[in-house]
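Me: I'd like to go through this structure with you step by step, if you have a moment. Could you start with whatever term I'll need for the strands?

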Number of protein chains: 2
Amino acid sequence: MFGNNKSILYFAITLVSVENTITKSSRIREKRKSSKIVKELNKYISVDCVIFGFDYDNLNVLLVDRTLNNDVNGEVLFSDMTLTGNHIYEDEKIEDAASRVLFDLTGLEGIYLEQFKTFANPDRISKPNDRAWLLNDGRDPNKRIVSIGFFALLATQDVTLEWKGRNVKWVPVNEVKELAFDHNDILDEALIALRNKLLQEPIGFELLPDKFTLSQLQKVYEIILGTELDKRNFRKKVARMKYLIPLDEKQKGVAHKPARLYMFSCDVYENTRKDIFGFIV
Amino acid sequence: MFGNNKSILYFAITLVSVENTITKSSRIREKRKSSKIVKELNKYISVDCVIFGFDYDNLNVLLVDRTLNNDVNGEVLFSDMTLTGNHIYEDEKIEDAASRVLFDLTGLEGIYLEQFKTFANPDRISKPNDRAWLLNDGRDPNKRIVSIGFFALLATQDVTLEWKGRNVKWVPVNEVKELAFDHNDILDEALIALRNKLLQEPIGFELLPDKFTLSQLQKVYEIILGTELDKRNFRKKVARMKYLIPLDEKQKGVAHKPARLYMFSCDVYENTRKDIFGFIV
DNA sequence: GCAAAAGTGTTCGGAGTACACCCATGT
DNA sequence: ACATGGGTGTACTCCGAACACTTTTGC
């Protein structure tokens with residue numbers, strides 16, 4: 001852009017031997033209950049996590065059933081869905097709170113997580129269902145609740161869900177109906193942030209298993225950006241990204257020519273990224 | 001990027017006649033005190049505004065003197081600086097609170113303002129000076145304070161400062177010393193957000209008067225991105241941006257060939273931008 | 001053998017980059 | 001007259017865009 005010397009948007013590449021690279025931090029797959037000591041919860045600050053999961057066909061978001069029953073006769077007053085979120089402990093960092101929500105749901109740590117926007121307008125809890133829900137939960141629906149929005153990226157298949165007995169499920173983002181509170185707004189903003197981030201940094205692989213094929217990666221870009229990409233051009237571009245490392249390993253059990261697997265090298269990426277930043281600043 | 005059809009990062013241009021364009025909303029220069037009715041302030045939610053001002057030589061940030069005196073003998077306990085910020089009224093939207101801070105300081109409305117990150121970790125008010133300051137102000141330094149960070153862009157020359165008798169001043173961003181609370185972190189993050197935004201959307205002109213020269217605009221990019229740009233290449237690029245409209249007007253009173261003035265057409269920009277978004281989504 | 005996705009090369013246009021001189025004004 | 005910043009064109013390279021056929025596997 002605008003350039004003298006090297007373009008700022010382009011990535012200078014230095015070669016790093018493949019043996020010295022490290023993939024993204026391996027995830028803890030074993031599940032255990034959150035071992036947090038019970039401390040005071042702040043009822044008016046919450047983190048909301050927009051958890052995106054990709055299943056090779058759709059971009060999904062993780063939603064939680066919210067059903068309010070009549071105390072007396074158990075009649076269902078309403079039933080809808082919310083994003084995943086929770087309140088924070090008084091001495092907890094907000095990033096830790098977001099990681100905790102994610103861990104409680106999925107048993108995974110080291111997931112890509114990014115703060116994208118905060119929602120704190122007074123009218124975000126004005127709908128009758130939301131007010132009833134808060135009252136039932138012992139909260140004051142007239143008090144402002146600050147929600148700090150994070151989005152997380154993971155491969156749907158890496159996860160089996162559980163969350164405190166509540167029903168959670170994956171919903172394709174374009175099939176999401178009306179959600180609780182202002183969660184539709186939060187989801188929309190998360191999608192915008194995700195798109196912008198995807199155009200700026202290579203985070204697409206975060207939605208895939210550690211080893212993935214180029215077609216899978218291409219599909220990530222196509223679905224999030226809502227466009228179709230040319231296979232040959234895409235692969236030429238990937239060839240320039242030295243941090244996407246081809247493995248001597250192929251897909252198995254597919255009814256067609258098996259594709260080569262690739263992995264992302266965080267190490268190579270960080271090294272090459274430093275060069276640009278040193279140049280800009 | 002990755003392309004089939006048209007590149008997503010490039011701006012499709014449609015021609016719009018200059019007569020139909022509107023510049024950015026004209027700013028109210030007349031000063032008046034904020035006419036807000038006094039309502040309850042929420043002492044634990046604040047907006048912090050990183051107000052950037054450009055003066056053709058430096059990118060500056062607006063800082064406020066913070067001096068704590070001993071109640072008894074008036075001795076100065078410490079003196080440092082903070083970003084501009086304030087608490088929010090219970091029924092106020094956060095964007096409105098940020099606009100209000102900006103208006104109280106500068107008397108300007110319609111300024112470019114963007115939420116960029118929220119700071120809410122419990123250790124952000126751990127420094128002794130900060131704790132003393134909060135105590136003196138009747139607040140509990142052990143309670144978490146959520147600060148929603150905004151940054152604002154304006155031309156230093158468009159503003160004469162006043163803020164409730166407190167001393168405010170412009171400081172070049174690379175001469176900022178240690179600030180109160182975690183305001184150095186907030187400033188750093190604001191700079192990163194500003195850089196990213198500048199690479200993504202044409203907001204450079206927000207740091208300039210309504211009518212500006214191309215050299216001034218170039219300097220905005222050079223200083224914020226920390227790089228040098230070639231004059232001819234920059235001008236070729238600008239020629240492609242149809243929303244930067246050359247005027248039949250020149251600089252006056254300069255001791256060299258007077259430069260042509262340009263303005264930004266928000267109208268043209270929005271129209272051309274729709275084309276791309278319609279294409280992506 | 002057939003269905004299904006993997007994999008591969010070339011041409012064209014446009015943008016990024018590097019580079020040097022004359023012009024209009026105020027003092 | 002001179003100092004100061006304004007304003008302009010060309011050549012090269014690289015990337016983005018468009019486009020079609022062969023290969024390998026499972027069934």
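Reply: Two strands count as paired if DSSP finds at least two bridges between them. Please keep in mind that this is a predicted model. With that in hand, β2(A) and β3(A) form a hairpin that has six residues between the two strands.

Me: What's the phi of A:Gly74 in that turn?

Reply: A:Gly74, which sits in the turn of the hairpin, has a positive phi of about 75°.

Me: And how many bridges join β2(A) to β3(A), and which way do they run?

Reply: Seven bridges join β2(A) to β3(A), and the two strands run antiparallel; as one example of a pair, A:Thr67 has A:Ser79 in β3(A) as its bridge partner.

Me: How many bridges join β1(A) to β3(A)?

Reply: Six bridges join β1(A) to β3(A), and these strands run antiparallel as well, with A:Cys49 standing opposite A:Thr84 in β3(A).

Me: Is β3(A) mostly covered or mostly open?

Reply: β3(A) is mostly covered, since 11 of its 14 residues are buried.

Me: Switching to helices, how far apart are the end C-alpha atoms of α3 in chain A?

Reply: They are 25 Å apart, and this agrees with expectation, because at 1.5 Å a residue the 18 residues of helix α3 (residues 183-200) should span 26 Å.

Me: Which residues in α3(A) are buried?

Reply: Among them are A:His183, A:Ile186, A:Ala190, A:Leu194 and A:Lys197, and what covers the buried residues of the helix includes β1, β2, β3, β4 and β5 as well as α4 of chain A.

Me: Now A:Glu114, where is that one?

Reply: A:Glu114 lies in strand β4 of chain A, and although A:Glu114 and A:Ala190 are 76 residues apart in sequence, their C-alpha atoms are 9.8 Å apart in space.

Me: Why does A:Glu114 count as partly exposed?

Reply: Its relative accessibility is 22%, so A:Glu114 counts as partly exposed, given that buried means under 20% and exposed means over 50%.

Me: What does A:Glu114 touch?

Reply: Leaving out residues up to four places away in sequence, A:Glu114 touches A:Gly149, A:Phe150, A:Phe151 and A:Lys197. There is also a polar contact of 2.6 Å that joins the side chains of A:Glu114 and A:Tyr112.

Technical notes. Residues numbered from 1 in each chain as written. Chains lettered and ligands numbered in written order. Predicted model: local features only at pLDDT ≥ 70, side-chain atom pairs only at ≥ 80, totals over all residues. Heavy atoms only, no water. Helix = DSSP H or I, 4+ residues; strand = E, 2+ residues; numbered from the N terminus. Expected span 1.5 Å × (residues − 1). Buried < 20%, exposed > 50% of the residue type's maximum accessible area, 1.4 Å probe, protein only. Contact = heavy atoms within 4.5 Å. Polar contact = N/O pair within 3.5 Å; in protein donor to acceptor, adjacent residues only side chain to side chain.
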